[in-house]
Every structure is written in structure tokens, then in C-alpha cells.
Amino acid sequence: METTRRNIFRFAAGASAGVFFTPAPWKLLDDVSVWSQNWSWIARPLRGEITEKFTACTLCGAGCGIRARCVADQPCRLTGLAGDPASGRTRLCPAGIGAHQLPYAPSRLRTASINGKPATIDEAVVEVMARVKSANRVAVLDGRPGRCASDIYRAVAASDKKWHYVVAPGSTGLMAEMSRLTGVAWGLDTERVKTVLSFGAPVLHGWEMPGKLLERRADYRLIQVEPVQSRTAAFADTWLAVPPHTEGVIAGAIANVMFRDGLVSCDAAAGYRNVVASLTPERAAEISGVPVARIEETARAFASGGPAIALGPVEAGTLGREGAIAVAALNLLIGDRAAVVARGPLVLNAEFADIEEGSVDVLLIDGAAPLPPSLVRRKLRAGACVVALSAFPDEWTTLASIVVPAPAWMEFREDVTGSPDAVRNSFRLAAALVKPAVDRTITPADFVARAAGVDKTVAAEMDARIAAIHARRVGEVYKAGDGSRVELASLSADDFKAALNDGAVWVGPLEKKVRTGAVKWPSDAATFARALVPESTGDGLMLAVRSGMPPVPLLGKLYQESELYAAAGIVRMNPVAGMAEGTRVELRNAFGSGNASVRLDASLPAGVMQASNDAALKLCGAGSDAWRMAAVNVRRAS
Ligand code: SF4
């Protein structure tokens, strides 16, 4: 056929029409889609029997009960347990909802390492034993005290005086400072509380046990004293925006007003009157800018709104020791009207911050201890060995010379003892529901026991604790499957253990009223009051760093894209700072420097910036007790 322009057009038109009638392209599409679904690395949904299993979340101390829907024994959906008496949560938080994905996170630690070189776990044990042998002081830092693993650490510390068992500040709960003052362990009575006066406590978000308080939100008044409008501040009845580091002054001034106006109802509080005598509301107003009338109004609301509770922030270092005492003292001033329940005599763990500086030769870290790395470095002797025992890389694995991979949650059976702030003691087991995604791991406690030559295992400790709880025959057992409750005394030891393995939780009885002994009030009023007053920031702005994003990859992405948490490299500040939206600025202080883009946010008080990422966290730190606040100089980046 002759090739003319007309024939080419006719051929093209015919081909276009014909393509709809030939099966070739459709077959090609079909083949490509079948072929591309069979690539070895494409994830395939499991097929198999659909079952329901019960476990508990160990990502934070709340220890929420979990109903896991499984396909072919693989958990695919996690939900909370209605009426869970231990955590008080019927819904899981965003971190818990997707936590069954964690074992498969690409960032998992897959092998041990010594000085950055891959090693076996046995080699790591031998190396640590050698370092321990020549050490004067070995410390085990427990990020989650109270577990059976913690019993092993205590046993190790008892076996040799060079070993020390220490916990991170804050891991003993929000009531810790009140407990220290009185020598009694306290729990927060979430059932009765009518007024919550929170000094930066994340009452409605982020705290270990907000379940009951979230459910009862309509039943109590929430006054939030905080420099930035956190999500708790946004949902509070009253938000007192205060400059950073002045929370302790406000707490002291509230106590001063209560003494002045006869609102104190506890004889043991008399010794505190002189301590806060100089912290008048007028002085607090001068320091914080909060009007005298608002301080007085808050004092009256707290004193007359019982049962009431004053709470400090989760990170114990944020207010400093004096600030934490000033907050805890408010609960003692209102005596029986404080919404607290005594849980028995206090068992105090040594805190890491109290260790002598430059004295630790070997430090083993179990869990994500909320401490600034700069503080940890100060405690180490030159050439000290840090051993990080973790499933995921974190700031401790970066600092460590020996890294040991631990199993991730759901890969091994562990125990959950509930929040230290809970009113009742509880105990449950978090069952292993998935096959380990990493071949060789060891639980931190088993590693420490091996390195110390102590013949104990977590599994044996768990059995011993279950037997000890059963022997007391008090409290009740909540069965996760049908939500029924039975008296522990009615169960045999085997039935109790079987119930725990099936997701049941044991909840102890309310403790009888414990008499509070003499309160250890600060002895030097002038030093106490001085320590509450923040130092001048010079020309700098205060940088407030909020905690990071949830660990689940998908939720992390949603959080970032919705900007519920500021993305890395963003710093929020009030327009009065004189910066335009998007300006690149350099943040600098004694601890480091970094660049960020400005996002204007009128909800922030003048003089305060907010960021929520690790780089900003590094600017808070060494030498400071306020680990998430720092004075920072800001200038336009060149
Ligand atoms: S609150 Fe804590 S224990 Fe409960 S689901 Fe969230 S991370 Fe897990």
C-alpha cells in the first residue's frame, strides 16, 4: 500500500478505534497487575482463622489492657478493654493502637555491637563482665521501676556493693514529691477528684494514666498553669499562661494566700507557713506577670473545690526540686480534702541524679529513661563504658559503646505493674503475641543478671511474684474475655496463673488509711524561695520543648502532616517577637546551636518559643534542672 499522509491518518484512526476491541492491552494490564502482586517483597494479607487474644501494652506505665484481633495468630487490630480497672482506659492512645507494627520497624536493632563493631550477645556479656571486674562503680538505670526485671536489678545490686540500682527521676510518678515529704506512697483518687490544679501536668494527654480523668472530664474543674497552650491547656477550664520556670513561684504564692486567708486545714502544714512567707501574691505577680487577683482566685478555687489535687509535670526536672515541693505541698495544706489515697509505706529508689558526678565506670541502661544525655555524661568517669539495652536506636544507643538488642513489645512475655500514681496496686502479664522479628535478642534484665553472674531470670521472677500475690489472697481478678470479676481468694494458684496468661488483671484492695508522719518541710526558707525565682534570660527567649511524636510510623506521619506536633526545623513564636512567618533564624545558647523556620502563633506568650524535636531538646540540658526549657538567643540566620 502506498504510504501517503492520508493513509497514515486512516491507519492511526483505525488503530485507535480497534484498541477497544482487541484483548491485547487489557490482557497486558491484567498480567502486569498479577505479576506485580507476586513480587517477593510485596506484603500479603494473611489468611487463616480469626481469633481474639488479650494482652497489655507496655509502651508506657499505664499498662492498658488490649484486645488483639488476630488472623492466623498474627495481631492485626488492637483495641482497649471496656472497664479495664487497672489503667482506667477503655481506648488506647495513638501509640498503642498501632503498636503491633513496632517489631517490624525498619530501624530495629538487629545485632549487638562493641565500639561500633558487630558482635554476638555472648561477646557483649563477656566484654561487660571484663569492664565490671575493673570498675569501682557500676550502675543499672531502670527506665520502668516496679517490674520483675527491677527485682533482678535489685538482687544484682544486693549481691555486690559496686553495683547500684537507680531509677530515672519522674519514673516514680507525679505523687513522688508528696511521697518524699511524707514518707508515704500516694495514689491519685481519680474517682473523686473535683478540682485539678495542674502545673504543666499533661492531664489530658501524654501522661501515663489519663484514662479515668479523660472519662470524667465533665465532673471536675481543671486549672492548667503552663507557659504554652498544650492540648491539656486548650481543654482546661482555666489556663494561667505563666512565663517558663515561674510555676513554682505561683504554687508558693497560692500556699501563701491559703495561710493568709485561713484556707489551710492540716496541722502538719504549720511548718510550711514560714517557708512561703516571702512568696506573697504581689511578689509572684511581679515575677510572673499573673495578676494578684488571679492568684488569689486560684488559691480559693483549689482550697474550696475539694476533693482537689495539685499535680506537677511528668518530667521531674522541669520545675526543679523546689518547684516540685511547692506543688506537692499544696496537697498537704488541704489535708483530707486532697484527692489522694495512701498506698502504704514509701519504698524509695535511689535516683540517677543523686549519683556522685564522675563516679560511674559502667552504666547499663534499660528502657527509655527520660534524662538529658548531658546529665548522664556528667555522672560518668572518663573512659566509662555505657551499655544500652534496647530494641530501637535512641539517644542512649548513640552514647553507648556496647549496644545489645532487646526484644520488642509483643515478642516476649513481660509483667505490667500499673502507673505509680494509681490508687490500687495491680499486676498483669503482657503476652508474647508475635514471632520475634529479630533473631537474636535478650531481655535487658537477663543480660544484666548474666553480666553480674547472678542466677536469676525474668521468667522465674514473674512466677515468684504471681505466687506471692496469690498467697496474699486479697483483691480481685478482672477477666479480659468476658469482663467478669472474681475474688482472688476463690481461684487456685494454677487458675490465677492461667487467667493472667489469658489477659486477666489482678487489682489489689484500697489500702487502709496510713498515718502521715512529720512532714519534712524545707528547713531554709530563704534558700527555698530564692530557688523558685527564675534566673534572668538576658536578651534570650525561653525555648519550651514539647515531647516528641508517637512511635508508630503511620500515626507519626499523620501527626506531622496535621501539625499537631511542630515538624523538625520549626519554631513557634508570638508575632510580638518581631519575626515574619517563615524567617530562618539561628538559635544559640551555651549547649549548642541550630537553625529553624519561624511559625507565628499568637497563643504563645511573648518571650516564649516552642519546638518539638530532638535538635531543640539538645539546647536544653547540661547544668540545668529544667530539661525541656532553656534560654536561647535568636537571630536571623545569615
Ligand atoms: S497509654 Fe501507654 S499503655 Fe496505654 S495504649 Fe498508650 S502507650 Fe500503651
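Modeller: Helices here are DSSP runs of H or I with at least four residues, strands are DSSP runs of E with at least two, and both are numbered from the N terminus. This is a predicted model, in which local features need pLDDT of at least 70, side-chain atom pairs count only at pLDDT 80 or more, and totals for chains, interfaces and linings use all residues. Residues are numbered from 1 along each chain as its sequence is written, and side-chain values use heavy atoms, with hydrogens and water left out.

Colleague: How many helices and strands does the protein chain have, and what share of its residues counts as buried?

Modeller: The secondary structure comes to 20 helices and 27 strands. Buried means under 20% relative accessible area, exposed means over 50%, and partly exposed lies in between, with a 1.4 Å probe and protein chains only. Of the 638 residues, the buried share is 51%.

Colleague: Among contacts with a separation of 6 or more in the protein chain, what percentage joins residues 24 or more positions apart?

Modeller: A contact means heavy atoms within 4.5 Å. Counting the contacts of the protein chain with a separation of 6 or more, the part from residues 24 or more positions apart is 69%.

Colleague: Which elements give two or more residues to the lining of the largest cavity?

Modeller: A cavity is a set of points, on a 1 Å grid over the protein atoms alone, where a 1.4 Å probe fits but cannot get out; lining residues have an atom within 4 Å of a point. Grid points are joined across faces, edges and corners, and the volume is the space filled by probe spheres set on them. The structure holds one cavity of 30 Å³ or more, and the lining of the largest consists of R221, I223, T238, E297, T298 and A301. Two or more of the lining residues come from each of β10 (221-226) and α11 (292-304).

Colleague: Which element gives the most to that lining of the largest cavity, and what is the volume of the cavity?

Modeller: By residue class, the lining divides into two nonpolar, two polar and two charged (nonpolar: Ala, Val, Leu, Ile, Met, Phe, Trp, Tyr, Cys and Pro; charged: Asp, Glu, Lys and Arg; polar: the others, Gly among them). With three residues, the element that gives the most is α11. The volume of the largest cavity is about 30 Å³.

Colleague: Is T298 buried or exposed, and what does T298 contact beyond its neighbours within four places in sequence?

Modeller: T298 is found in helix α11. T298 counts as buried because its relative accessibility is 6%. Leaving aside neighbours within four places in sequence, its contacts are L197, I223, L240 and I254.

Colleague: Which residues surround the ligand?

Modeller: A residue is near a molecule if one of its heavy atoms lies within 4 Å of it. The shell around the ligand divides into six nonpolar, two polar and one charged. Its members are C57, L59, C60, G63, C64, R89, L92, C93 and G96.

Colleague: Which residue of β26 stands opposite M573?

Modeller: Strand β23 (residues 570-573) is covered on both faces, with I570 and R572 buried on one side and V571 and M573 buried on the other. Two strands pair if DSSP finds at least two bridges between them. β23 pairs with β25 (residues 592-600) in the parallel sense over four bridges, and R572 has R599 as its bridge partner there. β23 and β26 (residues 608-611) run antiparallel, joined by two bridges, and opposite M573 stands M609.

Colleague: How far apart are the C-alpha atoms of V585 and I570?

Modeller: V585 lies in strand β24 (residues 584-589) and is buried, since its relative accessible area is 0%. V585 and I570 are 15 residues apart along the chain, and their C-alpha atoms are separated by 9.8 Å.

Colleague: Which residue of β13 is the bridge partner of W186?

Modeller: In strand β13 (residues 340-345), five of six residues are buried. Five bridges join β13 to strand β8 (residues 184-188), and the two run antiparallel. The bridge partner of W186 is A342.

Colleague: What is the phi of D73?

Modeller: Most residues other than glycine have a negative phi. A72 and D73 are found in the loop between β2 (65-71) and β3 (74-80), and A72 has a positive phi near 50°. A72 is partly exposed because its relative accessible area is 36%, and D73 is partly exposed at 45%. D73 is not a glycine, yet its phi is positive, at about 70°.

Notes
1 Å grid on protein atoms, 1.4 Å probe; cavity = no way out; pocket = protein on both sides within 12 Å on 5 of 7 lines; lining within 4 Å.
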